[in-house]
Amino acid sequence: MSETRPHASPSRGLWILITVLLAPAVVLPLWVPLYNRTDPELNGWPFFYWFQMALIPFATVLTVLAFALSRIADRKDREARSETRRQEPPEGQR
Amino acid sequence: MNAVAVSVFVFLFLVVTVLGFAAARWRRAERMDNLDEWGLGGRGFGTFIAWFLIGGDLYTAYTFIAVPATLYAGSVVGFFAVPYTIVVYPLIFLFLPKLWSVSHRHGYVTPADFVQGRYDSKPLALAIAITGILATMPYIALQLVGIQVVLDVMGMGQDSDNWVIKDLPLFVAFVILAAYTYSSGLRAPALIAFVKDTLIYLVIIVAVLYLPSQVGGWGHIFDVANDSFTTFNTDNADAIAAGEAAGKGIMPPAAAQWAYASLALGSALALFMYPHSVTAVLSTRNRSVIRRNAALLPAYSFLLGLLALLGFVAIAAGVTVGDPPNPQLAVPQLFENEFPPWFAGVAFAAIVIGALVPAAIMSIAAANLWTRNIYKAFLKRGATDAEEAQQSKLASLVVKFGALVFVLAFSKQYAINLQLLGGVWILQTLPAIVIGLYTRWFHRWALLTGWAVGMAYGTWLAYDVPLPGDPGSHFGGPLVLFPGAETTKVYIALLAIIANLVVSVVLTFVFRAMGVDEGVDQTEDDDYWADEGDQGVELELDPLAEPHR
């Protein structure tokens, strides 16, 4: 599910990076055999439970990084587009 | 029945009812006889409000009642709600900004609008609209079940054999919901949502911090739950071996791993195709708001996980749920046993109001779909604004009654099954919507046939699943044996979507070889990247306006 830009693709590499970055947040929670066990326990919590709870902040960190990268990607695209299409009104959003 | 708890509950319920009707006067539109009141979709929401809106969809009766109920009943598969709500955010991050862009460029308000524009196929758009409406009904039904169990625990109507008296409190709650949604539209849930969120956060935070310490801490809770399940398995070894009862445990058996993963993935893919979540996402101001929310919303998942574990807390607290046992009563009963009566009343009100708000939003989103993509597209092309508003109001009533039928007709033993059945249906729109965001490779008629096959196959599989210990019953669960496997079960929605995709791919080759007309795609590649400030991007989507090229 890599996102590619049809024309001007300065952000293409970034989008591949973002997709790779987000992949563990999708794959790890679905990889049940990885965490379907009791040990090691943490504070009385079986591994099965605390590992999944720990995945939440882990996924959050990845998504925050992906968000930061997507802002850079958006900005690059915006610059590329204003070069290729000068008829557009100036954009001052970011 | 505890007088203090009931009084607090009734008081809060009355406050909300008054708010619901008063909402008709809140920020009154100049004209009340058109669909503008449905225009929540056009407000240009920022991160904060969107966080509330989208997150509010997650905290429904489902999280409070159904998920802990499965854990209480010893079926740890219910904990899939946690991986489900982890997986869903990266998917939202990648998929939904594209839907935002193309929708804001072309004035699409519903997923069916997008499919119509992309594939130039009215039958396919109709199929998408019908699926959205159909799948929303069991979701609303789940909310009604949530209301019902709370009323049960409070002692309203549970001991009567007369079904009229037994279900009367539910009917009353339902009629009030229907009445204020009818008169106030989307303003009612929008206004009540503030009360709802405040109450729910209060109750959740108190519940997950206070209750575990009351019953001896998390380690003790896991031990007690484990012991209780082991005892059950020993006592019922014969029945389990004969397949008449399901074994219990705090860890999923190896055979359930596929079920666990497929439920999480299937539900995550389904969530953002529901009409009400699309409405919430399209109402954000720009693409970044969606992405920032994808990073912020997991905060909800953490509380959701702790809430799910209240099912084990209830076991450790010695909560019993009647005979025959109804695990859905576990959490409300836990609140009644462990909280002081006044706070139990607050908690009950939070669950019921937390069920009413999403029920109202869902029924309005489904009604919107009806009016826009069925009534106006097929039945009456030149409908006036007043006629549209009237249609939407009526449709929202019909959808809610449909939900009531679901509640009364199907097994109430596991409310979660109802919602998972809706998930089976809504997932069949994935090839047209999500894959459609990336490529128009699929042929429109192949997608329609694939959809029909997926819907029929999924419903048939679900129909054939009996309740545990009740052979011959139907719609008893979301899992079936993987074809050819002995013990490995898998979520029905995933089998149905595989059938759907296979048919869609094969028929795309066939139709293309036969030279069947593919229609004209109204969207361009650039539309999927447009953002706030770009040429032709509308900030406020007008539900009344036609989509355009």
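Predicted model: local features only at pLDDT ≥ 70, side-chain atom pairs only at ≥ 80, totals over all residues.
1. Chain A, overall. The secondary structure of chain A consists of 3 helices and 0 strands. Read from the N terminus, its elements follow the order α-α-α. Chain A has 94 residues, and 26% of them count as buried. Among contacts in chain A with a separation of 6 or more, 51% join residues 24 or more positions apart.

2. Confidence in chain A. The mean pLDDT of chain A is 79, and 78% of its residues reach 70 or more.

3. Helix α1(A). This helix has 19 residues and spans 27 Å from its first C-alpha to its last, close to the 27 Å expected at 1.5 Å a residue. At A:L22 the helix α1(A) bends by about 30°, and the proline A:P24 follows within four residues. Which residues of α1(A) are buried? They are A:W15, A:I18, A:L22, A:A25, A:V26 and A:P29. The residue at the bend, A:L22, is therefore one of the buried residues, each of which has 20 or more other C-beta atoms within 10 Å of its own.

4. The contact between the chains. Chain A gives 34 residues to the contact and chain B gives 35 residues. On the side of chain A that touches chain B, the elements giving two or more residues are α1 (12-30), α2 (32-35) and α3 (47-84) of chain A. Which of them gives the most? It is α3(A), with 15 residues. By class, this side of chain A has 19 nonpolar, 9 polar and 6 charged residues.

5. The largest nonpolar core. This core has 203 residues, and the members that touch the most others are B:I92, B:A141, B:V313, B:A314, B:F348 and B:V352. Helix α17 (residues 341-379) of chain B supplies the largest share of the core, 23 residues. Leaving out residues up to four places away in sequence, B:A314 touches B:Y72, B:V319, B:A330, B:V331, B:Q333 and B:L334.

6. B:I315. This residue is found in helix α15 (residues 310-316) of chain B. Is B:I315 buried or exposed? B:I315 is buried, because 26 other C-beta atoms lie within 10 Å and the cut-off for a buried residue is 20 or more. Apart from neighbours within four places in sequence, the contacts of B:I315 are B:Y72, B:V224, B:A225 and B:S228. The C-alpha atoms of B:I315 and B:A330 are separated by 8.4 Å, and the two residues are 15 residues apart along the chain.

7. Helix α6 of chain B. This helix (residues 122-153) has 32 residues and reaches 48 Å from its first C-alpha to its last, close to the 46 Å expected at 1.5 Å a residue. Why is α6(B) described as largely enclosed by the rest of the structure? Of its 32 residues, 27 are buried, so the description applies. Just after α6(B), B:G155 takes a positive phi of about 85°.

Conventions. Residues numbered from 1 in each chain as written. Chains lettered and ligands numbered in written order. Buried ≥ 20, exposed ≤ 12 C-beta atoms within 10 Å, placed from the backbone. Contact = placed C-beta atoms within 7 Å. Core = buried A, V, L, I, M, F, W, Y, C linked by C-beta atoms within 7 Å. Nonpolar A, V, L, I, M, F, W, Y, C, P; charged D, E, K, R; others polar. pLDDT = per-residue confidence, 0-100. Expected span 1.5 Å × (residues − 1). Bend = angle between axes of the 7 residues up to and from the residue.
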